[in-house]
Amino acid sequence: MFSLVLLFTVLVPLVVSKTYYGGHKVLRITPSEPKHVEYLLELHHEGTELDFWSHPSHQLDRPVDVRVAPEQQEYFEAFLLEKGMSYTEMIPDVQEMIDHEKSIVSNQMIVVRHITKAFSY
């Protein structure tokens with residue numbers, strides 16, 4: 001449930017945005033050692049171009065979601081492997097998800113217009 005809420009609160013601004021996110025991935029990183037948490041906190045505070053969808057905390061095994069642009073993926077994934085950090089690909093292509101959300105919203109708007117058009121005030 002938390003993932004759905006997080007996903008919705010992050011995707012809504014992206015859907016409204018005009019930025020193209022083709023090829024951007026969201027990786028879920030789960031730090032299993034204190035040094036992993038420190039690496040993530042450093043990356044978060046360095047002001048890198050990584051987009052943290054959930055902020056790292058000092059708790060172990062608390063997942064951190066990060067949007068990674070295509071030009072950063074190879075380097076970032078190599079960094080994670082080098083540091084012994086496990087991750088999963090949560091969203092393989094952010095733009096595909098945005099486009100899907102836009103089509104759902106568009107279809108809902110068509111239904112609402114149809115219903116309100118037929119409604120007699």
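**Rings and pocket**

Mentor: Phe 76 is buried, at 2% relative accessibility (buried is under 20% relative accessible area, exposed over 50%, partly exposed in between, with a 1.4 Å probe and protein chains only). This is a predicted model: local features need pLDDT of at least 70, side-chain atom pairs 80 or more, while totals for chains, interfaces and linings use all residues. Numbering starts from 1 along each chain as its sequence is written, and side-chain values use heavy atoms, without hydrogens and water.

Trainee: And Phe 79, buried or exposed?
Mentor: Buried, at 14%. Its ring and that of Phe 76 are stacked, with centres 6.4 Å apart and planes at 15 degrees (rings of Phe, Tyr and Trp, by its six-membered ring, pair with centres within 6.5 Å; planes under 30 degrees apart are stacked, over 60 edge-to-face, the rest tilted).

Trainee: Which residues do ring pairs link into a cluster?
Mentor: Tyr 39, Phe 76 and Phe 79. Tyr 39 and Phe 79 pair edge-to-face, 6.2 Å centre to centre, with 75 degrees between the planes. That pair links helix α2 to helix α3, 40 residues apart (helices are DSSP runs of H or I, at least four residues).

Trainee: What sits over the Tyr 39 ring?
Mentor: The charged end of Lys 83, 4.7 Å from the ring centre (the cut-offs are NZ of Lys or CZ of Arg within 6 Å of the centre and within 35 degrees of the ring normal).

Trainee: New topic. How do the residues lining the largest pocket divide?
Mentor: Into 6 nonpolar, 2 polar and 2 charged (Ala, Val, Leu, Ile, Met, Phe, Trp, Tyr, Cys and Pro are nonpolar; Asp, Glu, Lys and Arg charged; the others, Gly among them, polar). A pocket is an open set of points on a 1 Å grid over the protein atoms alone, where a 1.4 Å probe fits, with protein on both sides within 12 Å along at least five of seven lines; lining residues have an atom within 4 Å of a point. Among the lining residues are Tyr 39, Phe 76 and Phe 79.

Note on methods
Helix = DSSP H or I, 4+ residues; strand = E, 2+ residues; numbered from the N terminus.
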